Amino acid sequence: MADGTTPGGAAGSTGTTGAVLDLPGPRGARRGDRPTVFAAALLVAVGGIIYELILGTAASSLFGDSVVAFSLATGVTMFGMGIGSLLAVRLARSPGRAFVRNELLLGVLGGSSVLLLFWSYATTDLAWVVFTVLSLLIGIAIGVEIPLLVALLKEHGRDESVSLLSKVLALDYLGALAASLLFPFLLLPTLGLVRTAFAVALLNVLVALFMLGRMGWPVRLTWPTAVVSVLLVAGLVSATALEDAINTRLYVDPVLHYEQSAYQKLVVTTYQGDTRLYLNDQLQFSSVDEARYHETLAHTALTSVAAPTSVAVLGGGDGLLAREVLRYPTVREVVVVDLDPAVTDLGRNDRLVSALNEHALDDPRVEVVNADAFAWLRESDRTFDAVLVDLVDPANERVAKLYSSPFYAMVAAHLRPGGVMSTQATSTYFTPNAFWQVVATMRAAAPDRTVLPLGVNVPSFGEWGFALSLPGDGSQAFAATALPDGLRFHDEASLRATAQLPADAPPRDLAASTLLSPTIHRTYQQDMGRWRY
């Protein structure tokens, strides 16, 4: 989405080129001031794009649909930039003072944007409204910047307007490139969303200080700048406490671990022995009943292959699925492939989570690979007796490729003769169309194999679905290897019963989801749209 937001800086400029060329320059402008103003142009471009990315990322985290979130963040912000460009004409009589005031306002809005959005999500039903209003107001403030900077650079009309504008826009686009690289690779993984917002807001204050120095530090603007600076520094320093306060409202149970990784938000809560992991505010497991989920996913597959020795787990970075695989004495190798190092670090180092997975990720038989499962399968030539797919629900287009027929075909290609594959397949009750589309996609990917739809009740999630892919006619299902000791939930009878779906979950005929037509995430969203929670 960074590419989609790159034109942001130009939108405020090119949309008002005629107005910009008529702006009067400050009487005291000097050619020596230009490096300062050009530097300001570069910095405001960086800040503007990062604000768009912050808003889109925060909304994606809260609402789940990254396409809608980034589309609205970009579209509404750019619309606001157009309004800001028109308003800049009215501010051109004193562009330096107007620019400083605008930077202070933008710093306050941008710095507090993530906290305001998360607070509204935790305490009201107006999060989308708050998101839209913030995007619009921040866009207006961004749109004011470039026209005022052009006005500051002009010297009594002597400069050639096209040349001047081209230089400012070149810096604008350069700043957009820098922002699109800094945000995902440095700022977000290092600072997280809240601190990144405050850090960029302080960048606005820095630009305001550039302008104040150029104007000789007028008292009427210096004091407000100092006050805003103190507030933003305080926000940056106290970001953890502020996040904890909001999370206390967002999560019913006490939050023990909060982390914003490069990919998602991780939260661990606990209450009266119930440890829970949330990714982007979506529950991943509850220690009270997680055994129902992980035992079903692991043992329906591993009892269906004779003496499994090598197993791949795609997803499952919390280590709970690896724990179940390691119960088989024949297993010599478990490869856990999870995109996010923060999740696998949590599975290794968090006291509660590592105790829950019985320190599976520290077992010498386990190899942890932090990589995209799709890319890893495409590049690897390793084969396995079983591949277990434990990925988040296909709620957006980024995850949809991991529920596509090419993905399942690649998994099948990595199976040894007699090998099996199982995957979580969303809820048989709450998302029945998505469930049956996963089954249909697996069947389309490997038509010579048998796919069994499975289901089990997991109280934290409700009726939950899985799909098991077996070679040939599937006669080896649950019959090739005995269940190991140490299970909390399943025995042989209950494991076989997972293949008996209730009458209110009848088969549905749906088309397979592919890379070119990733319909699974739309199907999932439509299913979820029928429910109020």
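**Notebook: loops, rings and a surface patch**

I began with Phe478, which is buried at a relative accessible area of 12% (buried is under 20%, exposed over 50%, partly exposed in between, with a 1.4 Å probe and protein chains only). I am working on a predicted model, where local features need pLDDT of at least 70, side-chain atom pairs count only at pLDDT 80 or more, and totals for chains, interfaces and linings use all residues. Residues are numbered from 1 along each chain as its sequence is written, and side-chain values use heavy atoms, with hydrogens and water left out.

**Positive phi**

I noted that Phe478 has a positive phi of about 65° although it is not a glycine. I placed Phe478 in the loop between β11 (462-471) and α19 (492-497) (helices are DSSP runs of H or I, at least four residues, and strands are runs of E, at least two, numbered from the N terminus). I then looked at Glu358, where phi is positive too, near 55°. Glu358 sits in the loop between α14 (351-356) and β7 (366-369), and is partly exposed at 48%.

**Ser287**

Next I asked myself: is Ser287 buried or exposed? Ser287 is buried, with 9% relative accessibility, and belongs to the loop between β4 (282-286) and α11 (290-302). A polar atom of the Ser287 side chain lies 3.2 Å from the backbone oxygen of Gly273, and I also found one 2.8 Å from the backbone nitrogen of Thr275. Leaving aside neighbours within four places in sequence, I listed the contacts of Ser287 (heavy atoms within 4.5 Å), among them Leu356 and Arg488.

**Aromatic rings**

I counted 12 aromatic pairs in the structure (ring centres of Phe, Tyr and Trp, the last by its six-membered ring, within 6.5 Å; planes under 30 degrees apart are stacked, over 60 edge-to-face, the rest tilted). Trp128 and Phe131 make an edge-to-face pair, because their planes stand at 75°, with the centres 5.6 Å apart. Both lie in helix α7, three residues apart, about one turn of the helix. I noted that Trp128 is partly exposed at 35%, whereas Phe131 is buried at 0%. I also found one aromatic cluster formed by Tyr293, Phe461, Trp464 and Phe466.

**Back to α7**

Last, I looked up Val129, which lies in helix α7 (residues 127-153) and is partly exposed at 48%.

How values were computed:
A polar contact is a pair of N or O atoms within 3.5 Å; within protein, one must be able to donate a hydrogen and the other to accept it, and residues adjacent in sequence count only if both atoms are side-chain atoms.
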